[in-house]
Structures are given as C-alpha cells and as structure tokens.
Amino acid sequence: MRSSHDMPFGAHLLPGGNIRFRLWAPAVRQVELILEQDDGKKTILPMHSLAD
C-alpha cells in the first residue's frame, strides 16, 4: 500500500534561484551540508532544525 503523504526531503529549487535542503534525522544532534565544486573546493554549511 502506498502512502499519499508527500515527503519533501532532498534539494528543492525555490523562486529566485535559491535551493532548500531538507532531511529527517530526529536522532542526530548536528547535520552539515557539504558543497563541493569541480576544483575540489568544499563549503560546509551547518543545517538548522525547524519546529516540525
């Protein structure tokens, strides 16, 4: 049986060219998003918890 609930996890393009990253990780204390460019340069961004 398939659920009708939409799971909005992953990367989503927003108006204006921004991107929202979402995940469900209730058992972890810290999550970071690592962006890596073609030249190997990495940018590490901490993700913040929302109420829901």
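Figure 1. Histidine 48 is exposed, with a relative accessible area of 67%; exposed means over 50%, buried under 20% and partly exposed in between, with a 1.4 Å probe and protein chains only. The model is predicted, so that local features need pLDDT of at least 70 and side-chain atom pairs count only at pLDDT 80 or more, while totals for chains, interfaces and linings use all residues. Residues are numbered from 1 along each chain as its sequence is written, and side-chain values use heavy atoms, with hydrogens and water left out. Histidine 48 belongs to the segment after strand 4. Strands are DSSP runs (E, at least two residues) and helices are runs of H or I of at least four, numbered from the N terminus. Between the C-alpha atoms of histidine 48 and glutamine 30 the distance is 8.2 Å, with 18 residues separating the two in sequence.

**Figure 2. The largest pocket.** The space in this pocket is about 740 Å³. Strand 2 and strand 4 (42-46) are the elements that give two or more residues to its lining, and strand 2 provides the largest share, three residues. In total 22 residues line the pocket, and Arg22, Leu23, His48, Ser49 and Leu50 lie nearest its centre. A pocket is an open set of points on a 1 Å grid over the protein atoms alone, where a 1.4 Å probe fits, with protein on both sides within 12 Å along at least five of seven lines; lining residues have an atom within 4 Å of a point. Grid points are joined across faces, edges and corners, and the volume is the space filled by probe spheres set on them.

**Figure 3. Valine 31 and its contacts.** Valine 31 occupies the loop between strand 2 (19-22) and strand 3. With a relative accessible area of 23%, valine 31 is partly exposed. Beyond its neighbours within four places in sequence, valine 31 contacts Leu23, Leu45, Pro46 and Met47 (heavy atoms within 4.5 Å). The C-alpha atoms of valine 31 and methionine 47 are 5.5 Å apart, although 16 residues separate them along the chain.

**Figure 4. Leucine 35 and a nonpolar surface patch.** Leucine 35 is part of strand 3 (residues 32-36) and is partly exposed, at 35% relative accessible area. Together, Leu13, Ile19, Phe21, Leu35 and Leu45 make a nonpolar surface patch of about 460 Å². Patch residues have over 30% relative accessible area and no salt bridge, and nonpolar side chains (Val, Leu, Ile, Met, Phe, Trp, Tyr) are joined within 5 Å; a salt bridge places a side-chain nitrogen of Lys or Arg within 4 Å of a carboxyl oxygen of Asp or Glu.

Terms used. Patch = residues over 30% accessible without salt bridge, like charges linked within 9 Å, V, L, I, M, F, W, Y side chains within 5 Å. Areas by Shrake-Rupley, 256 points an atom, 1.4 Å probe, with all protein chains shown as cover.
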